[in-house]
Amino acid sequence: MNSAGSTPLRSARHDRWWVLLVTFLFTTSALAAPLKLWHAYRGAEEESLQKAVAAFTKSTGIEVELLAVPYDAFGSKLESAIPHGNGPDVFIFNHERLRSFEQEKLVAPSDGFIERPSYIPSAIDALSVNGNTYGYPLSLKCLALFVNDKLVPSPPKTTDEWIGQLQQLSHADENRFGLAYESGDFYFHAGFLFGFGGQLFDENGKAKFDTDGMAKSLAFVKGLQDRRYIPQEASGALIKSLFNDGKAAMVISGPWFAGEISPSVSYHVASLPKVSPTGLPLRPFLGVEAAFVSAHAFQPEAAQKLARFLSVGDGALVRATIGRQVPAELAAYDRPEIKNDRLIAAFRDAAANATPMPNTVEMSRVWEPMKLALRAVLQGEVAPEDAGALATRRYRALNRDTPPTASPVPYELAGILFALGWIGWTAYRARSPIPFKKRYPDLTTALAYVAPAAAGLLVLVAVPFVSGIALAFFHHEGGQYTFVGLANFVDILRSKGYRITEPLSFYFTLVVTVLWAFVNVALHVSIGLALALLLKNPLLKLRGLYRVLLIVPWAVPNYITALMWKGMFHRQFGAINGLLVALGIQPISWFTHWSTSFAANVATNTWLGFPFMMVVALGALQSIPTDLYEAAEVDGAGRWAQFKKITLPLLRPALLPSVILGTVWTFNMFNVIYLVSGGEPGGQTDILVSEAFRWAFQRNEQYGYAAAYSVLIFFVLLTYSAFTKKLTQGAEEVLG
Amino acid sequence: MRKPSAAATATIHVGLVLACVVTLYPVLWVIKMALSPTDGMALSANPFPDHVTFEHFKAVLFSHNGAGTWLFGRQLLASLYVSGATTIVGLLLAVTAAYALSRFQFPGKSAGMQSLLITQMFPATLMLVPLYEILQRLHLLDSLSGLVLVYATSSLPFCVWMLKGYFDTIPRELEEAAIMDGASRTQVFIRVVLPLCRPALAVTALFSFMTAWNEFILAATLLNDETKFTLPVALQRFVGEYQVEWGKFAAGALIVSAPVMLLFFALQKHLVGGLTAGGVKG
């Protein structure tokens with residue numbers, strides 16, 4: 001950098017002073033470029049990381065820039081930023097995704113830097129892929145049993161003992177439970193599965209669901225729920241409040257739960273009990289959080305130094321004492337501050353029994369099938385012994401065989417022919433006896449006016465649009481794209497791997513989507529029109545106030561609306577169930593049945609969508625000349641007749657464009673579906689867009705398949721709008 | 001028009017009050033969550049808080065990062081810049097394009113109008129992957145200006161449709177008269193046409209502003225630097241891996257929604273006319 005900076009300057013005979021200054025600027029800027037460290041921590045964990053990083057800067061002089069990334073966006077952000085050179089030098093992530101990070105070449109091995117014997121062996125195993133080690137283990141995360149000291153004098157050793165305690169402690173009528181945990185989440189069920197001797201993978205590492213242990217563990221948990229020892233559909237918020245109110249004697253959770261317990265509750269943490277029939281302990285998943293060095297780090301050596309620093313010595317100490325993390329470094333447990341820490345000691349013991357979560361791609365494929373099976377059992381739709389088969393079927397449907405590679409040549413030819421044909425046809429249609437200049441006298445002015453918008457649309461809308469369509473002809477796996485021709489479309493339309501009446505099928509989802517769009521638009525228009533009719537009289541008192549209050553939903557960002565309504569439909573804390581209870585009706589569990597779940601989505605979307613139609617209808621009503629009504633009154637027409645004969649026919653052309661646009665928007669209303677019902681139960685309330693999103697971002701990045709879905713959505717909407725256009729043209733011709 | 005009877009007026013008021021209650025109930029509930037010390041989590045139909053605390057608002061408003069930067073301040077500025085610039089860029093592009101579509105004949109005009117509508121039909125989330133590549137090539141990743149361009153173009157189709165409809169309702173005779181008097185095309189556009197469509201311009205500006213102010217997925221994907229986050233992305237951090245901080249989320253949601261609501265209240269008179277004048281003519 002020195003020579004590159006100074007040579008041209010010297011030849012230009014500048015003073016040496018300048019040369020010095022320039023070299024100085026270059027070298028300091030290179031030195032000053034801070035290391036980038038990305039994480040998803042909050043609260044105490046974030047604070048402890050900041051302290052550890054400050055200690056690193058103090059001892060090495062290397063500056064570090066911390067970035068807290070929202071957890072939901074973290075993985076996809078790493079995947080897009082790192083290959084493009086925009087990513088961090090070091091990032092902190094769970095080891096679970098390591099295999100896919102390795103396949104996409106996002107992480108650099110730490111071999112040669114890391115001292116493997118310094119760490120707990122299972123933590124090192126979790127970071128190994130094909131004989132290489134990646135990253136430095138920071139902390140262990142697994143589940144253990146939080147016990148209220150007052151209610152449970154000694155924690156259970158076996159499940160038989162446990163059941164006995166639960167029987168005494170549970171009084172569901174008083175809303176008291178012996179145990180509370182997020183029973184609908186497979187992460188929490190895995191301990192039971194392994195404790196009952198079940199496994200998740202066969203000897204080849206392929207997922208396997210239909211096992212004896214699976215059936216027995218599910219039957220056990222269903223038994224806990226049926227005897228009302230655990231609350232149904234418990235969420236994190238419910239568990240927290242039950243434990244803090246002394247209404248749940250025990251809770252299964254991880255180290256993070258310690259921060260949620262109120263200081264007035266005296267508790268301790270114990271390992272999970274042994275399963276009496278098998279003699280095995282309940283073995284929850286072990287997660288290892290690690291500091292990974294990016295494969296595209298700008299300063300690889302400094303990055304390795306930082307990652308190592310965080311994992312050992314004072315780095316480990318500060319994360320344990322302030323961040324309440326369970327360190328992976330062995331020497332940390334010799335320190336008195338950690339040795340005497342009961343919480344950390346308890347979790348280290350629990351970690352000894354835990355099953356390290358495989359870092360394979362196969363592991364990422366079992367979550368959705370298992371969630372489906374687990375919830376189906378808990379809701380009593382499937383017997384525990386049939387759950388494995390249900391999960392297997394969903395697994396097969398989600399992980400379809402890679403389609404055969406196709407030759408792109410015929411498709412390219414077809415594309416070229418189509419383009420030529422289209423150009424020819426346009427030219428043919430545009431032919432006219434009038435000379436070009438005469439037909440378009442203001443051509444240059446017009447083009448000047450249109451050009452800026454057209455250029456923007458071309459680059460940022462048309463190009464992504466065409467690439468999106470092109471993507472539909474490819475298969476994406478492990479960062480590689482292969483051309484597969486129409487295979488994605490064929491698989492979707494043939495409903496390969498599942499019956500067309502199943503929620504995963506395109507046709508099922510299409511019917512739900514059409515119903516969704518129709519119900520919503522009908523409600524928007526009728527509510528909007530009704531309110532507009534009430535508001536239309538300009539002499540109405542308080543008219544301005546009403547109008548302002550009624551458009552409030554429009555001004556609220558729709559993802560906030562969605563989360564807000566999701567909270568209102570909460571089984572235990574929601575306002576809607578609060579209203580039902582106040583009216584003497586049993587609270588409803590909204591997201592366990594298709595009809596209530598769909599209704600919850602519709603309610604949300606109706607709330608956020610009616611003001612638009614109300615405003616449009618108000619404008620349209622004002623444009624109807626009042627003398628028409630006066631004339632009708634003279635002729636003796638009643639109000640209803642006036643509405644039917646004057647208002648409706650004149651409103652139709654004004655409302656139609658908004659109805660079409662509203663339908664298109666509702667059809668693709670991703671936020672509401674994704675955030676309110678989340679597709680529950682079992683994907684039955686998913687619409688086409690949310691289904692496409694899942695294929696792209698939650699089912700191993702099957703971008704091609706998702707793009708094919710999007711193209712199909714596009715064609716459905718195109719047909720719809722062409723059809724409505726025909727309809728209106730026809731109507732206009734009839735009406736004159 | 002016949003004056004409605006007292007009974008009819010009373011019915012109308014009852015209907016409207018009911019509608020307002022249903023509309024505002026969820027909002028009150030969010031306010032309750034934001035003001036309650038316990039995240040407002042209790043099974044109750046009462047939308048008013050039992051105890052009031054401003055802790056959640058304080059926590060959101062005075063958030064700092066490790067380096068001592070006032071995060072909320074920076075993020076508010078980022079949001080204002082992105083939304084303001086989107087409004088200006090979007091309006092400039094939409095107004096010119098819509099005027100040309102309304103007044104001039106040129107080849108590809110009807111096809112252009114059709115494709116504007118068609119762009120609304122392709123799911124936006126799925127354009128994310130290619131869009132990321134393009135912005136990378138243009139060196140506009142992790143940049144607020146890149147975000148402005150994306151927002152301005154994505155709100156363009158709707159704005160152009162709306163403005164074109166409005167331009168169509170303005171009689172051409174006015175312009176022809178001005179041209180007779182020796183005004184140029186540009187002068188006519190700026191001096192005659194634009195002042196006539198103030199309501200439509202206000203509404204278009206409001207929509208552009210709202211698109212940028214409320215958008216979340218693109219901003220979360222394209223921005224890396226915490227100090228450049230727009231407010232919706234900042235809000236996302238309260239929805240964590242293991243827990244949702246409902247109190248702070250609600251407080252943040254109210255803060256994010258407030259400016260758009262104020263704009264709505266200020267512009268609501270124009271809203272009715274601006275939105276529908278074009279549509280009414282068909």
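We'll go over the ground rules, then chain A, then the cavities.

Visitor: What are the ground rules?
Guide: It's a predicted model, where local features need pLDDT of at least 70, side-chain atom pairs count only at pLDDT 80 or more, and totals for chains, interfaces and linings use all residues. Residues are numbered from 1 along each chain as its sequence is written, chains are lettered from A and ligands numbered from 1 in the order written, and side-chain values use heavy atoms, without hydrogens or water.

Visitor: OK, how many helices and strands in chain A?
Guide: Chain A has 32 helices and 16 strands, taken as DSSP runs (H or I, at least four residues; E, at least two).

Visitor: And what share of chain A is buried?
Guide: Of its 736 residues, 53% are buried, meaning under 20% relative accessible area with a 1.4 Å probe, protein chains only.

Visitor: What box do its C-alpha atoms fill?
Guide: Roughly 95 × 90 × 55 Å along the principal axes.

Visitor: Switching topic: how many cavities of 30 Å³ or more are there?
Guide: Six, searching the whole structure. A cavity is a set of points on a 1 Å grid over the protein atoms alone where a 1.4 Å probe fits but cannot get out.

Visitor: What volume does the largest have?
Guide: About 1,700 Å³, counted as the space filled by probe spheres set on the points.

Visitor: Which residues lie nearest its centre?
Guide: A:Asn558, A:Trp665, B:Gln120, B:Ala124 and B:Thr211, out of 48 lining residues, where lining means an atom within 4 Å of a point.

Visitor: Which helix gives the most to that lining?
Guide: Helix α6 of chain B (residues 144–169), with eight residues.

Technical notes. Buried means under 20% relative accessible area, exposed over 50%, partly exposed in between (1.4 Å probe, protein chains only). On a 1 Å grid over the protein atoms alone, a cavity is a set of points where a 1.4 Å probe fits but cannot get out, and a pocket is an open set with protein on both sides within 12 Å along at least five of seven lines; lining residues have an atom within 4 Å of a point.
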